[in-house]
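Hi everyone, thanks for coming. Please have a look at the picture first.

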Amino acid sequence: MQNRIVRPLIFLSLFFSLLFFRAAWAEESDSAKDLAPMSAAQIEKILDEKFAEGKYSRTGADQCLRCHDETSDISAMGIFKNVHGSRQVKGAPFQGLQCEACHGPAGDHVKSRLKDGEPREPMITFGAGSPVPADKQDSVCMSCHQDDERQHWAGGEHDRAGVPCASCHQVHQAHDAVRSRETQAEACGSCHTKQLAQIHQRSSHPLQWGQLLCTDCHNPHGSANQVALKQQTINDNCYSCHAEKRGPFLWEHEPVSENCSTCHNPHGSINKDLLNKRTPQLCQSCHTTAGHPSVPYGEAGEASGKASAFVLGQSCMNCHSQVHGSNHPSGNALQR
Ligand code: HEC
Ligand code: HEC
Ligand code: HEC
Ligand code: HEC
Ligand code: HEC
Ligand code: HEC
Ligand code: HEC
Ligand code: HEC
Ligand code: HEC
Ligand code: HEC
């Protein structure tokens with residue numbers, strides 16, 4: 001008789017306490033989700049303190065992989081497909097502090113149990129979305145990569161624009177798109193959309209399939225020259241491949257020796273030969289239309305139905321074929 005009452009009571013209380021625990025459990029994980037995210041300033045302060053105290057973990061990567069192995073949503077295993085995860089390469093992180101060489105000292109981040117509502121201590125994170133300022137991220141990479149290639153990084157175009165190393169480089173992957181021939185133009189073009197469009201236009205340097213690279217002309221880590229060019233001037237850049245345009249010429253065409261990009265777009269154009277404008281308009285933008293030779297004579301030309309040498313076919317180049325300069329004794333008008 002007693003059992004018939006007590007047993008169900010025990011079951012019931014067990015049942016309710018389970019329900020209660022479940023609710024509490026759910027509440028806890030909900031509250032973990034609802035934690036107010038730390039401000040960037042708070043995160044920076046904690047990271048600085050951890051560095052000052054040098055709280056590196058004793059077991060290195062083994063410690064991290066307890067939670068960041070392939071079963072984790074935020075797996076770190078990709079690092080082992082990359083040179084940075086190699087134990088063989090001299091100076092690589094895995095010959096030293098391992099994960100913490102980049103992500104900073106572990107400190108309390110590795111705690112297995114967190115108190116109710118306690119946030120997990122942050123680590124240094126990378127990329128455009130990281131709360132860690134770009135220059136701090138970069139100083140991690142530069143601690144190993146300060147060399148000739150990057151001597152103009154500080155103050156260069158990307159540094160000034162706050163583009164960190166990790167928005168171009170992917171170190172947790174086997175394939176670094178920005179460093180591979182086939183994918184570089186797309187990778188740079190993800191930000192430089194205008195240049196990406198230009199290299200697909202009617203006339204372009206063969207960048208689309210990687211015969212030519214952005215980095216044949218630019219140093220993405222900055223240079224001492226304008227627009228991060230590898231050569232001192234735009235013309236030196238062009239001469240490095242189009243040496244025949246360097247001259248010297250007996251009869252020079254002034255804008256040519258001054259700046260090739262007056263007439264050409266280095267990336268691509270809707271006009272032939274990478275020209276900024278179509279001829280004859282290109283030539284007419286400097287040579288007045290008064291008198292010869294910019295306009296078709298009088299009633300001649302297109303209106304009369306007769307082809308005018310001044311505007312059709314090669315236009316001005318029908319006669320002035322040596323537009324980049326001439327070495328002919330009587331080439332003063334760039335005709336031969
Ligand atoms: C006890 C489990 C645990 C251990 C051990 C651990 N982590 Fe984490 N780590 C996490 C969790 C959980 C998160 C997500 C935290 C969050 O979103 O608040 C995280 C986040 C991170 C992040 C940030 C990812 C992002 O995109 O925000 C980095 C970087 C990181 N851990 C690196 C490490 C490194 C390096 C180690 C070893 C020194 C390590 N972790 C050890 C549990 C762990
Ligand atoms: C060479 C520096 C470097 C080393 C070494 C390194 N990481 Fe990273 N880690 C990065 C960078 C940079 C990112 C940003 C994402 C990227 O570039 O792919 C990142 C991203 C992460 C993330 C976030 C991943 C995500 O999907 O959100 C975690 C977690 C992480 N690393 C953990 C680790 C662990 C654990 C190790 C060691 C086993 C490690 N990292 C070694 C540089 C490094
Ligand atoms: C502890 C030192 C160390 C740190 C920190 C470090 N690297 Fe490296 N990195 C190396 C070494 C060593 C190599 C291999 C160099 C070689 O092959 O000559 C390398 C190679 C590279 C390469 C060329 C990869 C290849 O396959 O040859 C890139 C790109 C690179 N690192 C970017 C980064 C970025 C971005 C960061 C910061 C997120 C970073 N590194 C942090 C040591 C480091
Ligand atoms: C705008 C994109 C971009 C940024 C930002 C960038 N890199 Fe690079 N990096 C490249 C490209 C592209 C290459 C391949 C260059 C080549 O092959 O001439 C490269 C090559 C490298 C290499 C291997 C070859 C070499 O130059 O030694 C290392 C190491 C490297 N970068 C480190 C860094 C570090 C460190 C930072 C941040 C201070 C950084 N990169 C920022 C695009 C970038
Ligand atoms: C994450 C976005 C991003 C990526 C990826 C990127 N850039 Fe940039 N780049 C910028 C920003 C932002 C600036 C500065 C603002 C501007 O001039 O567009 C800049 C500036 C430049 C400049 C100087 C432009 C000027 O007017 O002085 C050159 C050249 C350049 N980038 C080349 C490259 C090359 C080459 C690559 C690929 C290796 C690349 N960038 C990848 C964002 C990016
Ligand atoms: C053949 C050499 C060459 C190649 C290849 C090249 N550039 Fe340029 N780039 C230049 C020159 C020269 C300028 C300066 C043009 C000027 O100032 O008139 C320039 C200028 C730029 C600028 C500044 C804005 C502008 O258009 O004037 C950016 C950004 C840029 N390049 C990005 C890229 C990217 C991204 C790639 C690869 C898709 C690339 N470049 C490939 C030579 C080159
Ligand atoms: C790294 C080498 C390299 C540099 C630097 C270079 N070019 Fe080129 N250029 C090429 C190649 C390769 C072609 C394609 C040749 C072909 O298709 O036969 C080309 C083609 C051209 C063409 C013809 C395009 C067409 O539609 O046929 C023009 C015009 C040109 N380049 C102008 C320039 C100018 C102006 C500069 C300087 C801003 C420059 N190049 C810098 C390699 C270069
Ligand atoms: C005054 C305008 C102008 C300037 C400045 C100029 N070009 Fe040209 N370029 C042209 C025209 C027009 C064509 C087309 C020629 C034709 O159709 O006969 C051309 C064609 C080319 C070609 C492809 C055909 C060939 O001749 O090989 C190359 C390469 C070239 N230019 C390189 C350069 C270089 C390098 C510079 C700077 C040293 C430069 N150009 C400066 C107007 C110019
Ligand atoms: C950026 C301005 C500019 C553009 C564009 C330009 N030129 Fe010129 N051109 C000049 C200058 C400056 C001179 C030298 C004028 C002088 O010495 O009186 C010159 C000289 C000439 C001469 C020789 C004239 C003489 O008296 O020695 C010819 C022919 C010529 N250009 C044809 C062309 C053709 C054809 C084009 C189009 C493909 C063209 N130019 C585009 C600026 C330009
Ligand atoms: C039918 C051939 C022909 C065509 C087409 C032609 N020119 Fe000329 N151009 C000449 C001759 C001939 C001279 C005079 C040469 C001399 O005096 O030695 C000349 C001279 C010039 C001069 C030197 C200054 C002057 O007025 O004498 C310039 C600048 C010039 N042309 C620009 C152009 C431009 C721009 C075009 C295209 C709109 C063009 N030419 C088309 C034949 C032509």
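I'll talk about what surrounds ligand 4, and then about its iron atom. Keep in mind that this is a predicted model.

Let's start with the surroundings. Ligand 4 has 17 residues around it, and the closest include R150, H169 and H221. Sorted by class, this shell holds eight nonpolar, six polar and three charged residues. Helix α5 provides the largest share, with three residues.

The side chain of R150 has an N or O atom 3.0 Å from an oxygen atom of ligand 4. For H169, a side-chain N or O atom sits 2.8 Å from a nitrogen atom of the ligand, and the side chain of H221 also has an N or O atom 2.8 Å from a ligand nitrogen.

So which residues coordinate the iron atom of ligand 4? They are H169 and H221, each through its NE2 atom, at 2.0 Å. And why is the arrangement called octahedral? Because the six donor atoms around the iron subtend angles of 88 to 178 degrees.

Here is the part I like. H169 belongs to the loop between α7 and α8, while H221 belongs to the loop between α10 and α11, so this pair ties together parts 52 residues apart in sequence.

One last question: is H221 buried or exposed? With a relative accessibility of 16%, H221 counts as buried, because the cut-off is under 20%. H169, at 26%, is partly exposed.

Methods. Residues are numbered from 1 along each chain as its sequence is written. Chains are lettered from A and ligands numbered from 1 in the order in which they are written. This is a predicted model: local features need pLDDT of at least 70, side-chain atom pairs count only at pLDDT 80 or more; totals for chains, interfaces and linings use all residues. Side-chain values use heavy atoms; hydrogens and water are left out. A residue is near a molecule or strand if one of its heavy atoms lies within 4 Å of it. A polar contact is a pair of N or O atoms within 3.5 Å; within protein, one must be able to donate a hydrogen and the other to accept it, and residues adjacent in sequence count only if both atoms are side-chain atoms. Helices (H or I, at least four residues) and strands (E, at least two) are DSSP runs, numbered from the N terminus. Ala, Val, Leu, Ile, Met, Phe, Trp, Tyr, Cys and Pro count as nonpolar, Asp, Glu, Lys and Arg as charged, and the others, Gly among them, as polar. Donors are N, O and S atoms within 2.8 Å of the metal (3.2 Å for Na, K and Ca); water is not among the atoms, so sites may look incomplete. Four donors count as tetrahedral if all angles lie between 85 and 135 degrees; four count as square planar and six as octahedral if opposite donors are over 155 degrees apart and all others between 65 and 115; anything else is irregular. Buried means under 20% relative accessible area, exposed over 50%, partly exposed in between (1.4 Å probe, protein chains only).
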